[in-house]
Amino acid sequence: DPRSHHVIFMNKNNVQAAAAGNYDQQSASQNVVSLPPQSQSQSQLSVQHRFLTFLQSVNMQQHAEKFRENEYFDMQSIQFFDDDLLKNEIGIERVFPRKRFLKQCSEMMKDMEAFKNLDSISDFWKTRLQRYGVVTLQILCEEIN
């Protein structure tokens, strides 16, 4: 099927080698498998799950429904978060939790930018992984395990 996806199954050693720039095409081709296409809704669910996991990791899961209602429910949205949005649209009244969350979002954005700049993973694969909420090397490693 021309719409099928090719997925590379990697273990921790392969991911570490890729991050270090030591994962060659021949090694990659040994781990490629074709899968049937997934629907858009499945990738959207993966992205939403990844965002919810992020909220849980920073102890903000109680605001998940407000983020969803306001259509800020993916990892790419965090670049637009600011104090005003968190207070007025999400309803986080206290200053310190907003500041702490913004700092954690800033750290996540740095990790996302570092992943985007990895030369050892092609732009094609980065784009494909992003569709499923895989936007950092740490998230990729978690998904593989």
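This is a predicted model: local features need pLDDT of at least 70, side-chain atom pairs count only at pLDDT 80 or more; totals for chains, interfaces and linings use all residues.
1. The largest nonpolar core has 27 residues; a core here is a set of buried Ala, Val, Leu, Ile, Met, Phe, Trp, Tyr and Cys residues joined through side-chain atoms within 4.5 Å. Buried means under 20% relative accessible area, exposed over 50%, and partly exposed in between (1.4 Å probe, protein chains only). Those with the most contacts inside the core are Phe51, Phe54, Leu55, Phe67, Ile78, Phe81 and Phe101. At least two core residues come from each of H3 (40-57), H4 (64-69), H5 (83-90), H6 (95-116) and H8 (137-144), and H6 gives the largest share, 5 residues. Helices (H or I, at least four residues) and strands (E, at least two) are DSSP runs numbered from the N terminus.

2. Residues are numbered from 1 along each chain as its sequence is written, and side-chain values use heavy atoms, with hydrogens and water left out.

3. Do look at the aromatic rings. Ring pairs link Phe51, Phe54, Phe67, Tyr72, Phe73, Phe81 and Phe101 into a cluster; rings of Phe, Tyr and Trp (its six-membered ring) pair if their centres lie within 6.5 Å, with planes under 30 degrees apart stacked, over 60 edge-to-face and the rest tilted. Phe51 and Phe73 are edge-to-face because their planes stand at 65 degrees, with centres 5.2 Å apart. This pair joins helix H3 to the loop between H4 and H5, 22 residues apart. Phe51 is buried at 0% relative accessibility, and Phe73 is buried at 6%.

4. The salt bridges (side-chain nitrogen of Lys or Arg within 4 Å of a carboxyl oxygen of Asp or Glu) number 8 in the whole structure. In one of them, Glu142 and Arg50 have their closest N and O atoms 3.4 Å apart; Glu142 lies in H8 and Arg50 in H3, so the pair ties together parts 92 residues apart in sequence. Arg50 is buried at 6% relative accessibility, whereas Glu142 is partly exposed at 39%. Arg50, Glu142 and Glu143 are linked in a network.

5. Finally, please keep the confidence in view: pLDDT, the predictor's confidence in each residue from 0 to 100, averages 78 over the chain, and 72% of the residues score at least 70. Strand S2 (residues 32-35) is lowest, at a mean of 38, and H5 highest, at 96. Over residues 1-16 the pLDDT is below 50, and residues 25-40 also stay under 50.

Terms used
Contact means heavy atoms within 4.5 Å.
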